[in-house]
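Hi there,

Here is the structure I promised to pass on. Have a look at it first, and my notes follow below.

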Amino acid sequence: MRIFRVPQVTNQDDEMLLIRWLKSEGDFVNVGDIIAEVETSKAVFEIESEGSGFFKPLANPGEHIKVGQTFYILLNNREEVQKPIELRDIEFEKNAKQNSEIENQPKRWTKKAELLAKKYGIDIEEVPGTGIIQEADVERYIRIKSEGKTSQFNDLVDDIYSDNRAERVIILGGGRGAVQVLDVLFRTPKQRAVGILDDNSELYGKNIMGVKVLGNISAIEKLKEDNLFDTAIISFSNDIESRAKLFETLIKKGIKFTNVIDPTVVIHSNVSIGKGNVIMAHCRFGSCAIVGDNNFFSAYVNIEHHNVVGSHCTFGPGVMTSSRVTIGNKVKFGTGIFIEPGIKIGDNSVIASGTILIRDIPENSLVKTKVETIIRRKDIDNKSQ
Amino acid sequence: MKGETVVKSLNLALRRCLEKDKRVIIIGEDILDPYGGAFKVTQGLSTNFPDRLFTTPISEASIVGIGIGAAMRGLLPVVEIMFGDFITLAADQIINHAAKFPGMYNGKVFVPIVIRTPMGGGRAYGPTHSQSLEKIFLGIPGLRVVAISHFHNPGELLEKAILQDKMPVLFIEHKLLYPLELKCYGDDTIKVEQLESHKHFYPIVLLKNYHSDVIKPDLTILTYGGISKHLDEVLKQLKDEEIWVDVFLPSEISNRELPPELIESVKRTGRLLLIEESAGGFGWASEMVKKLAENLWSKIMLEISIIEPPDSIIPSEKTMEYEMLPNSDKIINQIMEVISR
């Protein structure tokens, strides 16, 4: 079976009127036989058969036919003429032609996507996405690739003049502790905060004082792999146990810690300070004092000469030691505490605010002084009772 | 208006004008029923208005001359020139008579004639039946030239020219536009906006292939008339490539004022593409570029490209004609190149 379509008879007519067929269904026609009369906008034209065979028309007289639509069929046997034509076959041929044209150029990305990828030096083929890659897909991919690379690949100064460049510090914990640590880092020229990690996913991507929260704390290993920081510091101090645990875990993983020390801190001769300590403004360390790791000193803490402080301790503002005091590990100090000379304080103890220590404190002790009490109410019109 | 074609819109407008105003008459070759005109624009009218339509001998100068005389004597004649290529035969009447009399007689006489004619190629009609000659009538003081598109409402433009415009109007209808359905309200892809301008008597249409306000367009296109036939395909393909365009389609092409919206658009995009079908240059696009230079020189960075046919007569052979005249492939290729720079 061969299908023939309406030919383009004149230049200006895409549609014609079929006036009549000059052959009947089942007739044998030869190529060149006149089989139809059609009327265009200007004249009546005769249509010749383009092949030989048994004729079956597909359009009706009086119908407006379009150029390219199915017009008539020529079959090899007279018997087939009676059979109903499967329209499916006709449509299949039409679609097959159309599909083969379309399959030439499967478009996988838009022009704008291609241009954007080129601009950023990215191979458009590696951009993930469903369906046709669009500009937004490329944008997202660029963002993901550059996220985490906050500063240092592409630093025009640090990468070239790397001797004695500022230490890149990653801050663990994005709360108020981070604000304190950032404040100090802004004041120390040899250290620079490059990012913050926090397990609260709502902070991810946001900035704290211009420094981005890059992800949760476990992301630190990837950042280390990518060499995006030099050292770490833990900024939170409310929970000594978790502070200690995090420090120990990361040390085992090979993470290096730094000390964050305010410029106003006074450190006397022969003082030894470990790693991972945060020391806020106006603290003082007397000669020959020895300080361990991962301690948090609030402002105005005085560690006198020949003191020994362990690791993972936290000090509120204004803790005043005297000489030769020994403080163990994981000791928590409130604010406004005074310690007489030579006192030893055991591990895991908690010293409440306002305490004056005059004797040794064993391990795991909770030391409290007299608690404040309200002795009288102040009247509204200021008269005392 | 759904499904109304350009030719139908014009036909209905002529009917409305004949109904509304007794002074309207229509003059042209072969415009009477049953033939109804070479492009069927006047079909059905002589049947209902037998004393208002006049068929003429083949003399364009006489046809237009009679129309001018009738206009000066108080009628509102609509004169059809069968192919725009023949308008050269009426050039003296149009340029030295119709355009000049109101000025020469100091406003004591008006020539409210509308001269309608199809222009443009794409039908393999040959070099003398396919031209876009409207450009030689631009820049004639006293003559207004209006070109329709299917994004305008051609019937409204024609009605305005006949009933409201006191000036002589050369009304250009690109022949490929006649069978197209009107798209004055746009479609899924194209957003259509009519710009209000007190400096233009006939409206400018602004097309966008994006609907959001936050998208920054990549390119501004300035064109008119028959080129709008290609814009359906072009704007759709550009949208698929995420290339966002503003297309300005003036209808009053004799008006040299640039709409402020056009200035805004080229400031944002920095790229302007002009498309014109008439060959040989010295045309409408040249004047637009001159006006842009006057307005914006050294004020913005603007990359200007122009699509126009090469200096040649239009071939009769269909594929050669297609190669020569602006088409959607050429437009898309040019835009892709400009965007990639």
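Asp230(A) counts as partly exposed, at 28% relative accessibility (buried is under 20% relative accessible area, exposed over 50%, partly exposed in between, with a 1.4 Å probe and protein chains only). This is a predicted model, where local features need pLDDT of at least 70 and side-chain atom pairs count only at pLDDT 80 or more, while totals for chains, interfaces and linings use all residues. Side-chain values use heavy atoms, without hydrogens and water; residues are numbered from 1 along each chain as its sequence is written, and chains are lettered from A and ligands numbered from 1 in the order in which they are written.

The partner of Asp230(A) is Arg168(A): they form a salt bridge, with the closest N and O atoms 2.9 Å apart (a side-chain nitrogen of Lys or Arg within 4 Å of a carboxyl oxygen of Asp or Glu). Arg168(A) lies in strand β9 and Asp230(A) in the loop between α6 and β13 of chain A, so the pair ties together parts 62 residues apart in sequence. Helices (H or I, at least four residues) and strands (E, at least two) are DSSP runs, numbered from the N terminus. Arg168(A) is buried, with a relative accessible area of 1%.

Arg284(A) forms a salt bridge with Glu304(A), at 3.2 Å between the closest N and O atoms. Over all chains, the count comes to 28 salt bridges.

In chain B, Arg16(B), Lys20(B) and Glu159(B) are linked in a salt-bridge network. Just after α7(B), Glu242(B) takes a positive phi of about 60°.

Best wishes
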